[in-house]
Amino acid sequence: MEVTEVKVFPVNEEKLKAFVSIVFDHCFMVNDIKVIRGRDGLFISMPSRRKKNGRFKDVSHPLNNETRQMIERLILAEYDKVTNPDAEAKEEETPGPKQRPDPEPESETESEAPSEIAAAAEDDADRSLEEVAELHLRDSFWNT
């Protein structure tokens, strides 16, 4: 199983920092993962809903810690790219070991220039939670 796509929708809230959608093996999508700022740093919260008793229950979640860590690592790396595009540019300028070139993008979204992605992330940061949620739904698999 491989995470083949990660989309980050930044939010300008105190603790909630972004909504995220991920795709597994180009065929299964999980929406409404949250990036949260806790007292020990950023972490992810899987999609959940409130039960009748007021408690929250995950709608979907990894069944083991290894998978959770893999998903969290990929999401937080993409969140960092989207919210700190300058850091990625500096990293590319630093000489280091050669890396394989990225494969050709499969969709128009993946082929966006980094500056376009950075501009979109800045726009998202100024949006309300409701606007980001609407954007998130509009950009879901139903419209691909």
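This is a predicted model: local features need pLDDT of at least 70, side-chain atom pairs count only at pLDDT 80 or more; totals for chains, interfaces and linings use all residues.
**View 1. The whole chain.** The chain has four helices and six strands; these are DSSP runs numbered from the N terminus, with helices (H or I) of at least four residues and strands (E) of at least two. Of its 144 residues, 26% count as buried. Buried means under 20% relative accessible area, exposed over 50%, and partly exposed in between, with a 1.4 Å probe and protein chains only. The chain exposes about 11,000 Å², of which carbon and sulfur atoms supply 48%; accessible areas come from the Shrake-Rupley method with a 1.4 Å probe, and for residues only the protein chains shown count as cover. Among the contacts (heavy atoms within 4.5 Å) with a separation of 6 or more, 38% are between residues 24 or more positions apart.

**View 2. Strands E1 and E2.** E1 and E2 run antiparallel and are joined by seven bridges; two strands pair if DSSP finds at least two bridges between them. A hairpin connects E1 to E2 through five residues. Val3 stands opposite Phe24 in E2. Seven of the eight residues of E1 are buried, so E1 is largely enclosed by the rest of the structure.

**View 3. The largest nonpolar core.** A nonpolar core is a set of buried Ala, Val, Leu, Ile, Met, Phe, Trp, Tyr and Cys residues joined through side-chain atoms within 4.5 Å. The largest one has 17 residues, and those with the most contacts inside it are Val6, Val8, Val20, Ile22, Ile33, Ile71 and Ile75. At least two residues of this core come from each of strand E1 (3–10), E2, E3 and helix H1 (65–83). H1 gives the most, with five residues. Beyond its neighbours within four places in sequence, Ile22 is in contact with residues including Val3, Phe28, Ile71 and Ile75. Another core, of five residues, lies apart from the largest one, and Val11, Leu16, Phe19 and Ile36 are among its members. In soluble globular proteins, nonpolar side chains tend to be buried together.

**View 4. Two side-chain pairs.** Ser21 lies in strand E2 (residues 16–24) and is buried, at 6% relative accessible area. The side chains of Ser21 and Asn31 are joined by a polar contact of 2.6 Å. Such a contact is a pair of N or O atoms within 3.5 Å; within protein, one must be able to donate a hydrogen and the other to accept it, and residues adjacent in sequence count only if both atoms are side-chain atoms. Glu5 and Lys7 form a salt bridge through their side chains, at 3.7 Å from N to O. A salt bridge is a side-chain nitrogen of Lys or Arg within 4 Å of a carboxyl oxygen of Asp or Glu, and the count by this rule is one. Glu5 is partly exposed at 24% relative accessibility, whereas Lys7 is buried at 14%.

**View 5. Two aspartates with positive phi.** Most residues other than glycine have a negative phi. Asp25, in the loop between E2 and strand E3 (28–38), has a positive phi near 50°. Asp32 is in strand E3, and its phi is positive at about 65°. Asp25 is partly exposed at 38% relative accessibility, and Asp32 is partly exposed at 35%.

Key:
Residues are numbered from 1 along each chain as its sequence is written. Side-chain values use heavy atoms; hydrogens and water are left out.
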